[in-house]
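I opened these notes to keep a record of what I looked up, in the order in which I looked. The entries go from the overall fold to single elements and then to the contact between chains.

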Amino acid sequence: MPIIDIDTLCFRYPDGTLGLDRISLGIEKGTLVVIIGPNGSGKTTLLKHLNGLLRPQSGTVRIDGVTVASDLRRARRLVGMIFQDADSQIVGETVAADVAFGPENLSLPAAEVGARVEAALDTVGLTTLADQTPQALSGGEKRRLSIAGVLAMHPQIVAFDEPFAGLDYPGTRQVLREMLRLQQAGHTLVVATHDLEKIIYHADRLILMNDGRVVKDGPPAGIVGEVESFGVRAPCVSRLGLEAESWLS
Amino acid sequence: MLMLTAMNCEPLPLAVMSLISAVAARRLGLSLRGILTELRYFLLLLGLIFTARAFTTPGTPLPDLPWLQVSREGMQAGAVTVWRLFLVVFFGLLFVATTRAAAIKAAVVWFLRPFPGLPAQRIGTMLGLVLRFIPLVFLQAGATLDAQRARGVESRRNPFYRLTCFAIPFLRRLFLSADRFTEAMEARCYTEIRTDPVLLARPRDWWILSGVTGAIGLLWLM
């Protein structure tokens, strides 16, 4: 059974704009799925349905067999969301306080909160910055802090919305390294981006969206040649007819 | 307590309190220059208060400057008032520099909890968010101003036009940020029934509280 099961999902914004149009897909546990598409194609709208930030007008989203609508808290615990703008995701006055925000919302005992914060900061390599103010962090560190904040809630799925936006080369590599570490630890990753270059090498599956619909879905090698006709720039390597290469190599 | 005491103190106790707070600021590593820069607008206000008191308090005119309508008593009263106000704000700075927002929030929740009908938890959270948001608001205001300056807004003399140019994008950005912030909190299961930061009082805190209470008692006696 797929860990994410979406069935004929439809969503329209209050102003009438079509967000999602009959989306049906299943995502297997432990995979790294990349959702690509131009701006306004519905990538973020789809991600926001995974943990109930948006509710479908029709259709269902199931996380590990249970519909999101029937247990929002469970969905939000199981699906961690890393937003594009890391600054507006940071709630705490220190790095450690920010990571503690999620576990505190789960009403966990203070000792358990502390243990989770320590473990999450250790995983993303921010332990030495625990008492720093988040505003003092670099772009890559802020993104890693967002990841730690989500990890402390022990999610099974981590959804990334444009994870490389605004990051320099070292920042991109830091975030990419964390993403792969999460996948190796058994998490399912769903990454929405229009920047295919940085992630294609590691993707297990590519989903191409346009105008709120899934227009292509399959292994990256079979789809990457067609993305430009849908307003997404193909990676340089595929334009040059070369093999994809990891940004970490 | 300290602030209330400072507002009623005479010069000698004020001097004692100033000395203690200066030592505390030094131990905290706060630079006088940085503090004065932060408080520059407040210092301007203090200057105005001093001038107003000096000109409006009746008393003996200054012998060297008989043409100036300033009284010696007015200058003394103005100086003491300004000193008290500065000390109050300085105490506030010391408090903020030594206390985490989470501790302030925990204290507010603890203090408000016995009052029926007051949503202590919500008020505490709101306070924490306000403290968290203030630097962001300044950052956004700075970024909007820079963008306007880069497009020559300073050459427009009409202040209402400039204010409108600034306010619309600034508020729009601010509301968008608030929306994103709310969404991020929701995504991390935000609820009012949550594990609160523990309100801690270590032995050192009790010692300091006793010391300060004793000192205040002495100052009132003086």
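The entries below begin with the conventions and then turn to the chains.

**Conventions.** I am working with a predicted model, in which local features need pLDDT of at least 70 and side-chain atom pairs count only at pLDDT 80 or more, while totals for chains, interfaces and linings use all residues. Residues are numbered from 1 along each chain as its sequence is written, and chains are lettered from A and ligands numbered from 1 in the order in which they are written.

**Chain A overall.** Along the principal axes, the C-alpha atoms of chain A fill a box of roughly 50 × 45 × 35 Å.

I then noted that 48% of the 249 residues of chain A count as buried, where buried asks for 20 or more other C-beta atoms within 10 Å of the residue's own, exposed for 12 or fewer, and partly exposed lies in between, with C-beta atoms placed from the backbone. Among contacts in chain A between residues at least 6 apart in sequence, 68% join residues at least 24 apart; a contact means C-beta atoms, placed from the backbone, that lie within 7 Å.

**The four-stranded sheet.** I traced an open sheet of four strands in chain A, in the order β2-β1-β4-β5 and with antiparallel pairing, where two strands pair if DSSP finds at least two bridges between them. Its edge strands are β2 (18-27) and β5 (66-67) of chain A, each of which pairs on one side only. Strand β1 (residues 4-12) of chain A is joined by five bridges to strand β4 (residues 58-63) of chain A, the two running antiparallel; in β4(A), A:Thr60 is the bridge partner of A:Asp7, and A:Arg62 stands opposite A:Asp5. β1(A) also pairs with β2(A) in the antiparallel sense, over six bridges, and there A:Phe11 stands opposite A:Leu20. The hairpin of β1(A) and β2(A) has five residues between the strands, and in it A:Gly16 takes a positive phi near 100°.

**The six-stranded sheet.** I found a further open sheet in chain A, with six strands in the order β6-β7-β8-β3-β9-β10 and mixed pairing. β6 (79-82) and β10 (213-218) of chain A stand at the edges with a single partner strand each, so one side of each is left without a neighbour in the sheet. Neighbouring strands of this sheet are turned by 20° against each other on average, direction ignored; such angles run from 0 to 180 degrees between N-to-C directions, and axes are lines fitted to C-alpha atoms, for helices over the stretch in contact. Strand β3 (residues 32-36) and strand β8 (residues 188-193) of chain A pair in the parallel sense over five bridges, with A:Ile35 opposite A:Ala192.

**Helix α5 of chain A.** α5(A) lies across β6 and β7 (157-161) of chain A, running at about 165° to β6(A). I also looked at its partner helix: the axes of α3 (residues 95-105) and α5 (residues 139-151) of chain A come within 7 Å and cross at roughly 40°. The contact is made by A:Val95, A:Asp98, A:Val99, A:Phe101 and A:Gly102 of α3(A) and by A:Leu145, A:Ala148 and A:Gly149 of α5(A).

**Chain A against chain B.** The contact takes 25 residues from chain A and 21 residues from chain B. On the side of chain A that touches chain B, α2 (72-78), α3 and α4 (110-124) of chain A each supply at least two residues, and the largest share, five residues, comes from α3(A).

**One residue of chain B.** I ended with B:Leu28, found in helix α2 (residues 11-28) of chain B, which counts as exposed with 11 C-beta neighbours inside 10 Å. Not counting residues up to four places away in sequence, B:Leu28 touches B:Ala97 and B:Thr98.

Note on methods: Two residues are in contact if their C-beta atoms, placed from the backbone, lie within 7 Å.
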